[in-house]
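Open your viewer and show the cartoon. This tour takes you from one selection to the next.

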Amino acid sequence: MRMWFVCRFCCPAAQSNSNPEWEAKVLEYFKGQLREKESHSWVPSLNDVPLHYLKPNSLVKFRCLVQDMFDPEFYMGVYETVDPSTKANVLRCGKYKDVTECGVDLNSRNTVTAERQTFYCVPIPGESPWAKEISFLSAARVVPSTSYVPSRQKRSYEEDDDDMDTQPQKQREPHTGGKFGTVNEPHGNGDSKRQETEAPSSQTTAPSDCSSHLDLNFPLPGERGPACLVKVYEGLDSFKLNDTLEIYGILSVNPVLTVLGEEKDPSLLLLNPTESMETPEEQRAHDPPASLVPRLHMLYARPLQHNNPLLPSAPTEDQSAFVSSFLVEMASVRAELLAYLTHVLLGDGLAAEYLLLHLISNVYTRRDVLPLGKFTLNLSGCPLNSYTERLYQIVQQLVPCSYRLSMSLHTMNSMRLVPKKDYVANRLVSGALQLARNTSLFLDETQLEQGQLDSSGVRNITALGNLISWQKVDYDFSYHQMEFPCNINVLVTSEGRSLLPSDCQVPLQPQVTPPNMEEYLTTIHMAQFTSQINKFRVYLSLARTLDYSISDEVTKAVEDDFVDMRKDDPQSVTAEDLHRMLVVARLLSLSLGQTTLSRDGWMRAKHIDMLRRSRTEQQKSLNGNEP
Amino acid sequence: MSSPTSTPVGSKRSRDDIPVTPSSDGLASPPSQRRRGQDSSNGDLPAMPTSPATDIASPAVHDTSLFSSPRRSGNFLPSEVDMSSPLMYGTPSSRVEGTPRSGVRGTPVRQRPDLGSARKAPQVDLHTELPSADGAVASEQAAGQKLVIWGTDVNVGTCKEKFQRFLQRFIDPTSNEDENAGLDLNEPLYMQKLEEISVIGEPVLNVNCSHVQSFDADLYRQLISYPQEVIPTFDMAVNELFFERFPDSILEHQIQVRPYNALKTRNMRSLNPEDIDQMITISGMVIRTSQLIPEMQEAFFQCQVCAFSTRVEVDRGRIAEPAVCRNCNTTHSLALIHNRSAFSDKQMIKVQESPDDMPAGQTPHTTIVYAHNDLVDKVQPGDRINITGIYRAVPMRENPRQSTVKSVYKTHIDVIHFRKTDEKRLHGLDEDSDQKLFTEERVQTLKELAAKPDVYERLSSALAPSIYEQEDIKKGILLQLFGGTRKDFSQTGRGNFRAEVNILLCGDPGTSKSQLLQYVFNLVPRGQYTSGKGSSAVGLTAYVMKDPETKQLVLQTGALVLSDNGICCIDEFDKMSDSTRSVLHEVMEQQTLSIAKAGIICQLNARTSVLAAANPVESQWNPKKTTIENIQLPHTLLSRFDLIFLMLDPQDEAYDRRLAHHLVALYYQSEEQIEEEFLDMAVLKDYIAYARTYINPRLNEEASQALIEAYVDMRKIGSGRGMVSAYPRQLESLIRLAEAHAKVRFSDKVETVDVEEAKRLHREALKQSATDPRTGFVDISILTTGMSATARKRKEEVAQALKKMIQSRGKTPAMKYQQLFDDLRGQSEAAITKDMFEEALRALADEDYLTVTGKTVRLL
């Protein structure tokens with residue numbers, strides 16, 4: 001089926017240009033096909049299959065985040081070629097292709113110029129290993145490795161003459177290569193190998209080492225996976241920076257792309273400075289070798305609400321059936337998860353409750369500048385010595401996307417959190433806060449020691465503060481800043497009260513003090529079956545997507561309650577407290593699978609908030625002079 | 001050369017280096033209509049004063065391209081022309097033959113690489129059946145024949161004449177551009193400019209396209225669609241006209257016409273393939289400029305055998321090297337002589353979309369712009385500019401060694417005219433430089449809104465709807481957004497009067513002050529948001545930096561300068577260090593910033609409104625203390641705020657209920673309701689922008705009277721109790737607020753209603769912030785001197801009591817501090833705090849009555 005697909009695609013342009021409608025029809029056809037249920041399972045994914053196993057010009061999919069948007073470019077939508085032997089003019093289509101056929105007649109009046117835009121896409125940053133693994137396993141069975149062998153041989157032949165770029169792939173075993181990305185792999189013995197090939201090859205670029213030259217601009221350090229230049233033809237305005245998409249498109253790894261970039265005739269430069277205009281950095285960023293950063297010509301893109309492979313991804317009937325079936329067991333899963341988290345949080349049930357609420361929180365709307373639904377949790381009083389690290393590992397096991405930022409003085413001073421525009425290379429240099437929606441950001445403040453923050457450290461802290469309070473990141477465009485709204489769940493673990501703002505602070509009160517923390521946590525973790533963990537994963541992703549409303553009756557009750565509380569002691573309850581309690585009530589209801597707020601739910605929310613507050617008061621009186 | 005076909009426009013277009021785009025086809029498709037239009041216009045035309053055709057009609061000069069004359073400087077004789085080469089056709093018009101007037105003859109032509117010198121433009125006759133090019137040119141004058149430039153519908157003669165008519169007749173009495181300052185608006189505008197050229201000697205004529213459009217829409221359309229052909233025609237027309245008028249003037253080169261303000265495109269994002277080869281105007285910010293690039297215009301070749309030399313012009317970026325020497329017939333004997341070739345200056349400039357016209361959530365686009373000749377180095381990175389130029393797309397060069405090419409074009413803009421949008425800001429000439437364009441419908445909706453009687457309330461409630469009530473604060477901020485009318489008294493030596501309203505919000509933490517600030521920051525186009533804790537004095541003002549590349553000192557502006565004409569929101573105002581705060585003194589009254597750093601001394605404009613938020617020192621507002629005591633800000637700074645609001649928790653049941661309702665509603669309102677709010681924000685933005693740009697209210701007689709009364713009343717209140725309750729600063733505030741309120745109503749007159757509202761709001765703010773907690777009276781001296789009159793009186797009393805007590809003790813040269821304090825407390829019936837005691841001691845020390853050393857008090 002796939003082969004047919006490919007053939008069908010390769011030649012639509014030539015015969016059908018008599019019909020101007022064909023483009024729309026082709027798109028319709030593909031979209032129709034892709035909407036079918038299994039379609040996504042038989043299209044190979046760039047995330048899972050290494051590039052050299054994929055056939056050029058075939059249909060692939062890519063689960064990614066839009067990291068940067070390049071300038072729009074004009075291309076030859078339709079062009080005419082002259083066959084040198086027969087002198088016959090043939091009209092050809094340039095859509096979905098990077099290079100033209102030979103013998104283009106540049107002066108032809110039939111040429112049609114069209115517009116497209118390039119997005120630089122990276123795999124979703126911080127995607128948890130389990131999410132990758134599951135989607136890999138579900139896709140892997142449809143990859144018949146044998147059919148890829150010829151193309152692999154062909155590739156390696158090319159690799160020989162266009163040298164080092166594809167080196168890392170050679171040494172990798174097909175199986176591990178399948179799971180992990182292609183490039184930033186440490187070279188190991190590859191280095192010596194490269195030197196061999198490098199000497200004879202007539203590379204004109206500076207012989208700088210591979211890794212610096214090919215900065216793939218991932219938001220998080222240590223990320224791997226293919227980055228991709230996605231050519232977008234339609235609906236340019238509907239895409240936004242940091243959108244997570246599943247893109248279906250035609251893979252293009254034409255080696256000519258690389259060669260075109262490399263070959264520079266110096267004599268041309270004087271007469272035609274257009275080409276010298278691009279700095280080498282810009283060239284590198286915008287035209288990296290296709291073998292490393294493949295081009296993907298987008299046919300169809302689906303915005304992803306979540307990247308949890310255990311859940312049906314599209315909002316179809318399928319999903320609603322799934323949701324309603326899961327709603328039944330929601331309460332029981334919640335209880336199990338709560339018990340699990342209680343264990344993890346050393347027997348502190350209240351903290352576990354809040355952690356659970358935090359994990360399903362979501363900015364569901366914004367009222368002018370105010371993001372609604374965010375629920376930043378500050379777990380204070382965390383035991384030192386790698387407890388937080390373990391805690392993160394457990395969170396990571398539960399959510400599809402997460403990142404732990406250890407707030408040590410060194411990282412705060414040296415790390416780039418906010419993306420910055422590099423005008424020399426003309427690209428947006430990513431930072432750790434360029435994250436997909438609903439990513440769990442785990443800020444480990446226990447790592448912070450005394451010392452001085454330098455100016456970049458202050459900027460980083462400010463950026464984190466802005467992220468927590470307004471759910472926005474101000475990207476640095478050097479002449480001005482630009483605000484990008486985001487939706488990131490921030491969990492701060494600290495010893496005392498955090499220096500960052502938070503919506504809700506819960507001092508941890510351990511009920512048990514295990515002699516060996518690591519062992520304790522590992523045992524808890526091991527005790528869970530994978531099926532159980534999977535249930536938790538589905539539960540957390542699902543609870544977040546549910547709708548929610550408050551009836552007039554309950555509204556009235558809440559109002560009355562608020563007025564009553566204020567009557568007793570106006571200082572005790574402020575508007576801010578009401579804000580928080582409304583969020584807690586919302587999350588509490590959703591966590592139980594209830595889509596409307598009941599009086600009960602409100603009382604419960606009030607109750608746990610009271611508990612929490614009494615705990616912080618207690619803390620305050622203990623500490624004495626805290627403000 | 002020219003096509004012998006009878007329907008040349010659509011079918012055989014030699015848009016040589018650029019493939020035909022669908023749009024240009026679309027433009028050319030109805031030639032019949034356009035021809036008709038031209039016919040009629042031509043019929044009305046008076047006889048042309050000069051005909052370029054007759055001048056170059058001589059077949060000896062092989063010039064079919066009429067306007068090659070003003071733009072080429074071919075120096076060689078016709079005999080040198082190799083007629084067989086396709087490159088050479090129509091090129092060698094000697095300027096002597098090509099120009100009719102002596103003045104023109106004496107002035108060298110300057111090439112216009114911005115228009116693409118490689119362009120050949122043969123003309124085509126639309127009517128006659130066999131138009132050989134020469135014949136066509138010769139018979140151009142014949143009635144009924146229409147010569148047009150190949151691929152366009154431009155007739156050179158008509159076009160030239162129309163433009164000359166435009167220059168001679170165009171009058172724009174309503175012009176308010178600063179470029180036209182000093183010109184008589186009732187005389188033909190461009191003739192005055194020509195006169196200016198003859199005096200100043202700068203041979204550049206800037207032409208506003210909107211003028212052309214209002215004068216002759218068809219000419220405008222041609223200019224936009226075929227700039228490459230039409231602008232040289234304009235050049236020619238201008239030069240003829242100019243040297244006719246001023247035959248004796250000497251110019252460096254012939255006058256070049258530089259059109260600007262083409263209405264075609266405003267936004268970089270909206271550029272599309274249809275704009276290729278058209279004239280466009282876009283706005284943006286310069287982010288990078290390249291080094292100067294010498295671009296070869298004409299190559300000089302010399303035969304190695306016989307030393308015969310020839311020149312070859314650049315065609316589409318390439319030089320066709322002559323294969324055979326025409327003198328000695330040796331093949332491949334010609335060598336390029338670099339230093340005798342002609343070069344022109346060129347610079348690449350990268351321009352980025354200005355942040356204001358970008359959709360949310362996307363990254364800004366950039367465009368490459370080429371500047372030529374004297375436009376090189378006209379702009380610097382960071383400048384905001386409007387660029388008028390021709391949009392180009394060049395296919396990626398075909399590599400001879402490659403069979404396939406990349407199917408992508410490189411696009412750039414050849415710039416014709418730069419206009420800095422922030423230039424005016426620096427000179428401080430005009431109100432708002434980047435005039436936002438409003439569609440008529442939009443203006444209509446805005447005016448309808450303004451006509452509603454409750455527009456003021458409506459707008460103020462549309463402001464930050466998520467923040468509950470605080471109506472007066474919102475109203476104050478609304479007036480701040482509109483601002484007063486700018487008045488210039490610099491001729492009488494008082495300089496500018498501040499038109500900006502400054503507001504300080506203080507109050508308990510958690511009363512959504514920051515949220516209000518964030519909202520305002522998001523609402524206004526030139527807003528800045530800083531936090532007092534995080535900003536230093538230099539971050540607010542300006543700092544000098546060494547550019548790592550050029551080693552030049554560069555002045556980097558801070559938040560206050562950046563928010564010129566906008567609003568600077570400063571959160572945590574109280575946490576600001578004293579040195580930082582001191583910078584604000586100048587900004588908040590004089591509206592300028594003086595800098596003397598690293599050899600740079602300058603004064604920058606910072607006409608910004610300040611919206612600040614401060615928390616009380618004791619984290620909770622102490623109602624028993626005055627504003628100054630609560631926020632510990634110097635009164636000199638406080639008095640510069642027009643309005644100081646307290647945001648306190650009111651703590652009453654009805655309020656609580658409404659607040660709860662509001663908050664709960666916030667959490668369950670449906671999407672559509674939220675949509676509505678967003679619409680309001682856009683309307684509000686436009687409303688403010690419109691009012692700020694177009695409405696400049698002035699006080700009418702009654703309003704002035706009302707203001708005077710209000711001021712006198714305010715002074716009276718205090719004088720009864722021996723206090724001053726108003727200073728001239730308060731009067732100025734009142735005027736500003738009244739003007740702003742008139743702006744809200746879109747009214748050009750400040751009327752009594754405006755004064756009433758200004759008074760009310762001002763009183764409200766005073767009531768909140770300047771009430772003396774001890775007496776309950778409004779006392780402006782709290783804000784102006786930092787202490788209420790009663791407090792001052794009280795201080796004196798304590799000091800006197802202390803003095804009396806010490807005197808009553810008789811001769812004791814030294815006393816214990818603590819004991820004295822206890823004694824005083826015991827003696828006085830009112831409670832005396834340690835602070836008061838210390839203040840009293842200090843007062844006595846000032847009188848040289850005693851000194852305090854450590855724990856002992858000594859009499860002097």
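Helices (H or I, at least four residues) and strands (E, at least two) are DSSP runs, numbered from the N terminus. This is a predicted model: local features need pLDDT of at least 70, side-chain atom pairs count only at pLDDT 80 or more, and totals for chains, interfaces and linings use all residues. Residues are numbered from 1 along each chain as its sequence is written, chains are lettered from A and ligands numbered from 1 in the order in which they are written, and side-chain values use heavy atoms, with hydrogens and water left out.

**Stop one: a strand residue**

Select B:Thr310. It belongs to strand S6 of chain B, residues 309–313. Is B:Thr310 buried or exposed? B:Thr310 counts as buried because its relative accessibility is 10%; buried means under 20% relative accessible area, exposed over 50%, partly exposed in between (1.4 Å probe, protein chains only).

Now show its contacts (heavy atoms within 4.5 Å). Beyond the neighbours within four places in sequence, they include B:Phe300, B:Pro322 and B:Leu334.

**Stop two: a sheet**

Move to the open sheet of five strands in chain B, ordered S15-S18-S21-S14-S22, with parallel pairing. Two strands pair if DSSP finds at least two bridges between them. S15 (527–531) and S22 (643–647) of chain B are at the edges; each has a single partner strand, so one side of each lacks a neighbour in the sheet.

Next, select S18 of chain B, residues 567–571. S15(B) and S18(B) pair in the parallel sense over five bridges. One bridge to find: B:Ser531 with B:Asp571 in S18(B).
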